[in-house]
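Please look over the sequence and structure below. A short report follows.

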Amino acid sequence: MNFLTIGHRGVMGVEPENTLRSFVAAQEAGLDAIELDLHLSKDGALVVMHDPDVDRTTDGTGPIAEKTLAELRALDAGRGERVPVFEEVLEAVQAPLQAEIKDVQAARALAEVMNRRGLAGRVEVSSFHDEAIAEIARLVPGVRTALIASRYGTDIVERAVQVGAATVCLNIRRLTLEIVEHARKADLRIIGWVVNTQDHLRLVRAFGLDGATTDQPDIKRTGRFTA
């Protein structure tokens, strides 16, 4: 079975997260896919950032939703990088993408881009929010979706099935064999996060997961040799 390695916000362990620099580094490291996060700016731009505000990852302060794209562009997102918009990432790398959306509004904005550019085959859409997954599935024919969970039980499987997600992305610190077996019975793919050490990697391989989201680019190199 091919074990999928997904770069978390690019390779945030070594580069500024959710920047073009980080995404290019993930692709150059040979990671199979790249995960990123999407929010809407005040003027409706689909910008690539994880938090709802800019404080942690830039030299600015305040909510993304209260800033225009021009105001966001003026910020330093680390090492001189600027906050990218989603379509810039599409041009900067060729790797498959996993785009995490935070709400239904972001789902609608992403759907417009995906339909216009025919991205259902390249972009898997993920979210912690069931309603956002249901909305993107409604709007984008053939889209692949993944339900993410940090604190969860076997109910995550029923939730994923309910919204038509083919994958669950699960915090490895709460993973149990019971949950894995339950997900397999429902024919769900399972991705573990965040896998940054050899011990984490051995754990997800022992559980027979389909892949891992990682901050560290060398997981791709070591992962193929770890049983």
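Which residues line the largest pocket? The lining consists of His-8, Arg-9, Glu-35, Asp-37, His-50, Gln-98, Glu-100, Phe-128, Ile-148, Cys-169, Trp-193 and Thr-213. The pocket holds about 160 Å³ of space. Strand S2 (33–40) and strand S4 (97–101) each give two or more residues to this lining.

This is a predicted model, in which local features need pLDDT of at least 70, side-chain atom pairs count only at pLDDT 80 or more, and totals for chains, interfaces and linings use all residues. Residues are numbered from 1 along each chain as its sequence is written, and side-chain values use heavy atoms, with hydrogens and water left out.

A pocket is an open set of points on a 1 Å grid over the protein atoms alone, where a 1.4 Å probe fits, with protein on both sides within 12 Å along at least five of seven lines; lining residues have an atom within 4 Å of a point. Its volume is the space filled by probe spheres set on the points.

**Strands.** Strands are DSSP runs of E with at least two residues, and helices are runs of H or I with at least four. Two strands pair if DSSP finds at least two bridges between them.

| Strand pair | Bridges |
|---|---|
| S1 (residues 4–8) and S9 (residues 211–214) | 4 bridges |
| S8 (residues 189–193) and S9 | 2 bridges |
| S1 and S2 | 3 bridges |

Thr-5 stands opposite Ala-212 in S9, and Ile-6 stands opposite Thr-213. On the S2 side, His-8 stands opposite Glu-35. Ala-212 is also the bridge partner of Gly-192. From S8 the chain crosses through helix H8 (residues 198–206) to S9, in a right-handed β-α-β crossover. Right-handed means that, with the strands pointing away from the viewer, the path from the first strand over the helix to the second runs clockwise.

The ring centres of Phe-128 and Trp-193 lie 6.4 Å apart with planes at 80°, so the pair is edge-to-face (over 60 degrees). The two residues are 65 residues apart in the chain. Trp-193 is buried at 18% relative accessible area.

Note on methods
Buried means under 20% relative accessible area, exposed over 50%, partly exposed in between (1.4 Å probe, protein chains only). Rings of Phe, Tyr and Trp (its six-membered ring) pair if their centres lie within 6.5 Å; planes under 30 degrees apart count as stacked, over 60 as edge-to-face and the rest as tilted.
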